[in-house]
Amino acid sequence: MSAVINEVAVEVNYDDLIPNNVDLSNDAQLKKALERWQPKYVEWWNEAGPEDAKDLEVYLRTAVGVDPKGWAKFGHVKMPDYRWGILLAPKEEGRTIPFGKHKGEPVWQEVPGEYRALLRRLIVIQGDTEPASVEQQRALSATAPSLYDMRNLFQINVEEGRHLWAMVYLLVKYFGRDGREEAEMLLERRSADEDKPRILGAFNEETGDWLTFFMFTYFTDRDGKMQLESLAQSGFDPLARSCRFMLTEEAHHMFVGETGIGRVIQRTCEAMTEAGITDPNDVEAVRALGVIDLPTLQKKMNFHVSVTSDLFGAEVSTNGAAAFIAGIKGRYNETKIDDDHQLNNDTYPVLRVIDGAIVEVAESAHNAINSRLLDDYHKDAIGGLKRWNKSIQKAGFDFEFKLPFKGFSRKVGVFAEDFITPDGQVVTEEAWNAQKDEWLCTESDDAFIKSLMVPCKEVGKYAGWIAEPRVGVDGQPLDYEYVKLH
Ligand SMILES: [Fe+2]
Ligand SMILES: [Fe+2]
């Protein structure tokens, strides 16, 4: 079987060592700096990227342009040879800063001196998450439930690698010497490392099994989407254009999460039906079938929503306010919101616990920017749950996934000191601890999930705990050799 390569116009210069649409060949200094960084990047990939994967030929898409209709081509590639490039979405002529105190002024093509530190920090934090997730996922291919899934994992890994390139390009091109130093440090930190951990908490958690991987790509990559969406509004145009193109790739990551969890649910429902089990809460009976029970999936969701919510930072934050006012980081769908986009006299309702009750407090809309993005995230995340619930209903079972309340099990922000149940009841620490095993996975839940993680590397076959996908990648059949193992 031969790979079908889509015929698309190559807009990217692939003759350069680093494929790009940023005219790198005419910027000798930048080109030199990036060519010096590249071997270190490959070294990082080989050391901290996917384990035992160097010789595999993987059916990957590579970005070859930024035209929404034909931006990628597919073909088998060995991963260290993947062409990581620098791609920016097309420039919008006459674009103006859409929000904040500079609203209406022409966007910046260079970093404004007064916002240099703020911008650098935001780019470094975004950049740090990209290699972190590759590190978290490095051991997963050993237990892939199919070659199709293994391919999707690697696809996400190489694209997170490209997202690192996107941020490094900005650092090196626009931030001189400190930018170059930050670019080096992005390769030095390691997920869960004691001395040099990744910057944000959720990116130091283990992604030790495939259910966690699907939850991560659905819930945590969605934080990525929200952050990129608000940076795509930025008055600093090169950042906005980088993020806009990254969002094209990010959509696939969340697709892998949503369909992955959907396939787990489908398989569980099928197995319950075959075995004549009518109560989805009969955990032991369901697990005996070698599939993951629905209550355990709910616990996994609770965990991932809470650690991901922490990634939005404190709900009420002067840093968030500063980035908005400066025109550096906007709101989700900023240009579609019907207000003055400056919010100088506006408030935003933020929930918090006062005297044991959850109350709404009107905060300055500037200070509540993070809170608003978190609310948008929760609204966005609910879509998948609705579709999963529909499939459970269709299979004839009485069970419904619920998104946990945003204050559940938080370590950052207004709820960090509170004890709140997934359905939003404020309780005492003792009561919370007494019930937490009903809400979050226990060691034995995790051990059960791990016990199912046996690899399935036969072409067209799928592990018993997950249904096969509805369609293959890029129009290929389900029994396509998505990864050539040799
Ligand atoms: Fe990413
Ligand atoms: Fe992603």
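User: In this predicted model, is Leu 343 buried or exposed?

Analyst: Leu 343 sits in the loop between α9 (318-325) and β3 (347-354). The cut-off for burial is 20 or more other C-beta atoms within 10 Å. Leu 343 has 21 C-beta neighbours inside 10 Å, so it counts as buried.

User: What is the phi of Leu 343?

Analyst: Most residues other than glycine have a negative phi. Leu 343 isn't a glycine, yet its phi is positive, near 60°.

User: Asp 23 also has a positive phi although it is not a glycine. Is Asp 23 buried or exposed?

Analyst: Asp 23 belongs to the segment before α1, and its phi is about 55°. Asp 23 has 11 of them, so the call is exposed.

User: How are α1 and α4 oriented, roughly parallel or roughly antiparallel?

Analyst: The two axes come within 10 Å and cross at roughly 10°. Angles under 35 degrees count as roughly parallel, so α1 and α4 are roughly parallel.

User: Which residues of α4 meet α1?

Analyst: On the α1 side you've got Ala 33, Trp 37, Lys 40, Tyr 41 and Trp 44. By class, the contact of α1 with α4 has 6 nonpolar, no polar and 2 charged residues. The α4 side is Arg 180, Ala 183 and Leu 187.

User: And what about α3 and α4, are they roughly parallel or roughly antiparallel?

Analyst: Helix α3 (residues 147-174) and helix α4 (residues 176-188) have axes that come within 7 Å and cross at roughly 155°. Angles over 145 degrees count as roughly antiparallel, so the pair is roughly antiparallel.

User: How many nonpolar residues are in the contact of α3 with α4?

Analyst: From α3 come Leu 164, Val 168, Leu 171, Val 172 and Tyr 174, and from α4 come Gly 179, Arg 180, Glu 182, Ala 183 and Leu 186. By class, 1 of these is polar and 2 are charged. The nonpolar count is 7.

User: Where is the kink in α6 centred?

Analyst: Helix α6 (residues 237-275) has 39 residues and reaches 57 Å from its first C-alpha to its last, close to the 57 Å expected. Gly 276, with a positive phi near 75°, follows it. The helix still bends by about 35°, and that kink is centred on Thr 248.

User: Which residues does Ser 242 touch, not counting residues up to four places away in sequence?

Analyst: Ser 242 lies in α6 and is buried, with 28 other C-beta atoms within 10 Å. Met 167 is 75 residues away from Ser 242 in sequence, but 7.9 Å away in space, C-alpha to C-alpha. The residues Ser 242 touches are Leu 88, Ala 166 and Leu 170.

Terms used:
Residues numbered from 1 in each chain as written. Chains lettered and ligands numbered in written order. Predicted model: local features only at pLDDT ≥ 70, side-chain atom pairs only at ≥ 80, totals over all residues. Helix = DSSP H or I, 4+ residues; strand = E, 2+ residues; numbered from the N terminus. Expected span 1.5 Å × (residues − 1). Bend = angle between axes of the 7 residues up to and from the residue. Buried ≥ 20, exposed ≤ 12 C-beta atoms within 10 Å, placed from the backbone. Contact = placed C-beta atoms within 7 Å. Axes fitted to C-alpha atoms, helices over the stretch in contact; angles between N-to-C directions. Parallel < 35°, antiparallel > 145°, perpendicular 65-115°, else oblique. Nonpolar A, V, L, I, M, F, W, Y, C, P; charged D, E, K, R; others polar.
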